[in-house]
Amino acid sequence: MSNVDVIVADYGGLQADQEAFYKDLHQHPELSHQERRTAGQVAERLQEYGFAVQSGVGGTGVVGVLSNGSGPTVLLRADMDALPVREDTGAEYASTVTARDAGGQEVPVAHACGHDVHVSCLLGAGKLLADHRGQWNGTLITLFQPAEETGDGARGMVDDGLLGRIPAPDVALAQHVLPGVAGTVGTRPGPFLTEADSMKITVYGRGGHGSMPQNTVDPVVLAALIIVRLQTVVSREVAPGETAVLTVGSCQAGTKSNIIPDRAVLQLNLRSYSGQTRQRMMDAIQRMVRAECQASGSPQEPDCETFDSFPLTDNDQDTTSKVAAAFRAHFGDRAVEAGQQTASEDFSDVPRAAGIPYTYWAIGGTDPQAYRAAEKAGRIQDDIPANHSPKFLPVLQPTLRTGTEALVTAALAWLAPQSGS
Ligand code: ZN
Ligand code: ZN
């Protein structure tokens with residue numbers, strides 16, 4: 001029996017508790033930077049398992065360190081925040097929570113990105129590794145970060161001195177639950193998740209009466225023209241082989257049908273796999289917005305503000321090969337190659353700051369039968385709710401078990417004695 005087999009053989013002992021913890025967390029989601037209840041529970045459990053715990057790192061971040069003799073230091077990471085989404089999954093443990101967002105607005109909150117799975121799996125892996133210290137040597141760091149969804153949680157922990165407060169890690173590992181057959185784990189070397197930016201663009205008009213457009217500069221029409229024009233950024237200015245996404249996710253102007261407002265506000269989201277493509281899109285957006293404002297006779301230059309920037313997730317080749325080999329040995333044909341994802345993550349901010357390699361893998365969260373049926377019918381995009389959808393809900397098992405085993409398996413690729421046992 002390998003060290004992995006010995007340790008995960010104990011999963012049955014923690015399953016009921018982990019499932020109860022997960023359901024409770026799912027019913028108590030917290031927005032980015034507000035993960036106080038979650039962080040409290042995480043810290044309490046880590047302490048119970050024997051970790052040295054630091055709370056309040058970068059706001060609500062929690063780190064646990066388990067020193068177990070000389071050997072490599074492995075950092076495992078989970079994100080804790082939920083989203084302003086009204087859950088519509090029909091689950092008996094669905095969230096009905098509301099909270100005030102950063103802008104003071106009351107919003108529904110749900111774990112629509114599955115970070116509750118990540119927290120539950122990392123706690124489970126921490127417990128299994130703590131209970132079986134005889135099977136490995138080295139140091140295990142479990143990092144629970146806040147505010148992944150706003151892209152600043154990992155950086156916040158680094159800025160708060162994270163790296164001076166923990167032993168220097170040799171490698172950083174993390175995972176995300178995504179649509180895919182539950183029970184599978186997907187690795188991919190190289191660029192895996194896109195870099196991303198959001199932009200807020202305010203364009204100005206001249207307000208007036210809806211019956212007298214000749215006296216105004218109408219920012220609603222201006223915004224509409226910009227939105228249509230922006231559709232040519234990816235289709236006409238980015239090379240067909242390059243991956244790029246530009247979405248106008250919000251457009252706000254006006255209060256009443258017969259008033260022409262004096263401004264319109266657009267919110268854009270951009271994704272790409274290269275800094276060059278990113279710059280090309282940014283430049284094209286600025287150029288088009290300025291030109292459309294000029295064409296409309298806008299009385300004031302537009303304002304452009306960039307926010308929620310995420311780095312590229314670029315998996316280290318050697319680290320990914322090592323994890324993929326460990327997954328193949330443990331999961332057999334449930335270890336697959338993952339496709340590139342146009343989602344984004346701030347996980348890599350920690351290993352980048354520490355100057356260490358990292359890899360980030362996907363675990364499937366969809367009922368296997370439903371996924372295979374949708375795949376066969378060519379209807380995955382229509383029938384399988386993706387992350388951030390009000391209907392996104394990973395199946396409990398084998399998702400939790402697989403995510404827990406994946407973390408243990410990957411960590412042991414560094415921590416288990418090479419001679420075997
Ligand atoms: Zn998300
Ligand atoms: Zn997420």
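This is a predicted model: local features need pLDDT of at least 70, side-chain atom pairs count only at pLDDT 80 or more; totals for chains, interfaces and linings use all residues.
Which residue in β6 is the bridge partner of L76?

Let's start with β3, which spans residues 73-79. Seven of its seven residues are buried, so the strand is largely enclosed by the rest of the structure. In a regular strand, side chains alternate between the two faces of the sheet. For β3, one side carries T73, L75, R77 and D79, while V74, L76 and A78 lie on the other, and all of these are buried.

Now turn to the strands beside it. β3 runs parallel to β6 (residues 138-145), and seven bridges join the two. Here is the answer to the opening question: the partner of L76 in β6 is T142. β3 is also joined to β7 (residues 171-181), again in parallel, by four bridges. On that side, V74 has V171 as its bridge partner in β7.

Two zinc ions, ligand 1 and ligand 2, sit 3.1 Å apart, and C113 bridges them. C113 is found in the loop between β5 (106-108) and α4 (115-131), whereas H388 is in the loop between α12 (380-383) and α13 (399-415), so the pair ties together parts that are 275 residues apart in sequence.

Take the zinc ion (ligand 1) in more detail. Its protein donors are the SG atom of C113, two OE atoms of E149 and NE2 of H388, at 2.0 to 2.7 Å. Along the chain, these donors follow the spacing C-x35-E-x238-H. Why is the arrangement around this zinc ion (ligand 1) irregular? The four donor atoms subtend angles of 52 to 150°, and a tetrahedral site would need all angles to lie between 85 and 135 degrees. For reference, the ideal angle for four tetrahedral donors is 109.5 degrees.

The zinc ion (ligand 2) has C113 (SG), H115 (NE2) and H176 (NE2) as its protein donors, lying 2.1 to 2.4 Å away. Their spacing along the chain is C-x1-H-x60-H.

H388, by contrast, counts as partly exposed because its relative accessibility is 37%.

Technical notes
Residues are numbered from 1 along each chain as its sequence is written. Chains are lettered from A and ligands numbered from 1 in the order in which they are written. Side-chain values use heavy atoms; hydrogens and water are left out. Donors are N, O and S atoms within 2.8 Å of the metal (3.2 Å for Na, K and Ca); water is not among the atoms, so sites may look incomplete. Four donors count as tetrahedral if all angles lie between 85 and 135 degrees; four count as square planar and six as octahedral if opposite donors are over 155 degrees apart and all others between 65 and 115; anything else is irregular. Buried means under 20% relative accessible area, exposed over 50%, partly exposed in between (1.4 Å probe, protein chains only). Two strands pair if DSSP finds at least two bridges between them.
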